[in-house]
Amino acid sequence: MTAGTPLLAIHGLTAAYGKIIALKGVDLEVHAGEIVALIGANGAGKSTLMMSVFGRPRARSGRIEFDGHDITHTPTHHLARLRIAQSPEGRRIFPRMTVAENLQMGADAAQASEADRAADLERVLTLFPRLRERLTQRGGTLSGGEQQMLAIGRALMMRPRLLMLDEPSLGLAPLITRQIFDAIRTLNRQDGLTVLIVEQNANHALRLAHRGYVMVNGLITLSGGGTELLQRPEIRAAYLEGGRHGT
Ligand code: ATP
């Protein structure tokens, strides 16, 4: 599964916020068709890694490649053309726009044709039937779980080659979390969608992912198969058994 040129390849990436060095030389790869989980405690640098693909913050050193092309210094607005989509932490949907309008924003970013928009919308609404029931409601009136579905749905309307999800389970009830993770699994199995998922919920994320990376204090300390990592004693001790991230 991991042979050939990776879809996303990060080499020796460092990034900082002023004097705070958030990434200290990170190597990570995501191959086409994979689900890769990046786990780690609060403040480890997971969100920074994801944001740095979009140039915020800019890499201080190292390289980011997408499908073999160096995108380390590609302006953010050009990245949508590469069809790298992100559902950021905290969801960030447009609260005053309706669900339908939020979804169209994703299609606009991808400059999708009318036929593609209609097909993509149907696909998203089949995946998340709750959004179909709420198409004319304003985004801000949705529950947290529904907003997460909307954020993922909007990213899917960008017809992504790579979908990056930052903490999709944050603040959600277990049942909703399961629905969202099931939807990600379905997208991967049915459509071969490539996913990089950042999670504090190590248990859910490693069960979902083909491979995982563990980040501690701006560095990758461990990587391996999802189930392999789940069974490692140091992962169990730090993130699962009795840990606050192990639900
Ligand atoms: P969380 O699960 O809390 O989002 P994380 O693993 O995603 O954690 P980051 O948010 O990437 O971690 O944070 C990495 C480090 O960078 C932390 O020390 C954090 O305080 C710092 N940091 C993050 N964002 C900023 C910012 N905008 N300005 C200054 N420092 C920041």
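The ligand is surrounded by 14 residues, and the closest are Asn42, Gly43, Lys46, Ser47 and Thr48; a residue counts as near if one of its heavy atoms lies within 4 Å. This is a predicted model, where local features need pLDDT of at least 70, side-chain atom pairs count only at pLDDT 80 or more, and totals for chains, interfaces and linings use all residues. Residues are numbered from 1 along each chain as its sequence is written, and side-chain values use heavy atoms, with hydrogens and water left out.

**Ligand contacts**

- Asn42 has a side-chain N or O atom 2.4 Å from an oxygen atom of the ligand; a polar contact is a pair of N or O atoms within 3.5 Å.
- For Thr48, a polar side-chain atom lies 2.5 Å from a ligand oxygen atom.
- For Lys46, the distance from a side-chain N or O atom to a ligand oxygen atom is 2.8 Å.
- On its own the ligand has 620 Å² of accessible area, and the protein covers 63% of it; such areas come from the Shrake-Rupley method with a 1.4 Å probe.

- Four strands make an open, antiparallel sheet in the order 2-1-4-5. Strands are DSSP runs of E with at least two residues, helices are runs of H or I with at least four, and both are numbered from the N terminus. Two strands pair if DSSP finds at least two bridges between them.
- Strand 2 (20-30) and strand 5 (69-70) are at the edges with a single partner strand each, so one side of each has no neighbour in the sheet.
- Strand 4 (residues 61-66) pairs with strand 5 in the antiparallel sense over two bridges. Phe66 has His69 of strand 5 as its bridge partner.
- Helix 1 (residues 46-53) packs on this sheet and touches strand 1 (8-17), strand 2 and strand 4. Contact means heavy atoms within 4.5 Å. The direction of helix 1 makes about 110° with that of strand 1; angles run from 0 to 180 degrees between N-to-C directions, with axes fitted to C-alpha atoms.

- Six strands form an open sheet with mixed pairing, in the order 6-7-8-3-9-10.
- Strand 6 and strand 10 (219-225) take the edges, each with a single partner strand, so one side of each is left without a neighbour in the sheet. From one strand to the next, the twist averages 15°.
- Strand 6 (residues 84-87) runs parallel to strand 7 (residues 162-166), joined by four bridges.
- Strand 7 also runs parallel to strand 8 (residues 194-199), with five bridges. Asp166 has Val198 of strand 8 as its bridge partner.
- Helix 7 (residues 174-191) lies across strand 3 (35-39), strand 7 and strand 8, at about 155° to strand 8.
- Helix 10 (residues 233-240) touches strand 3, strand 9 (211-216) and strand 10, at about 65° to strand 9.

**Two buried residues**

- Ser87 belongs to strand 6 and stands opposite Leu165 in strand 7. Ser87 is buried, at 1% relative accessible area; buried means under 20%, exposed over 50%, partly exposed in between.
- Beyond its neighbours within four places in sequence, Ser87 contacts residues including Gln148, Ala151 and Ile152.
- Leu7 sits in the segment before strand 1. Leu7 is buried too, with a relative accessible area of 5%.
- Leu7 and His69 are 62 residues apart in sequence and 9.5 Å apart in space, C-alpha to C-alpha.

Technical notes:
Polar contact = N/O pair within 3.5 Å; in protein donor to acceptor, adjacent residues only side chain to side chain. Buried < 20%, exposed > 50% of the residue type's maximum accessible area, 1.4 Å probe, protein only.
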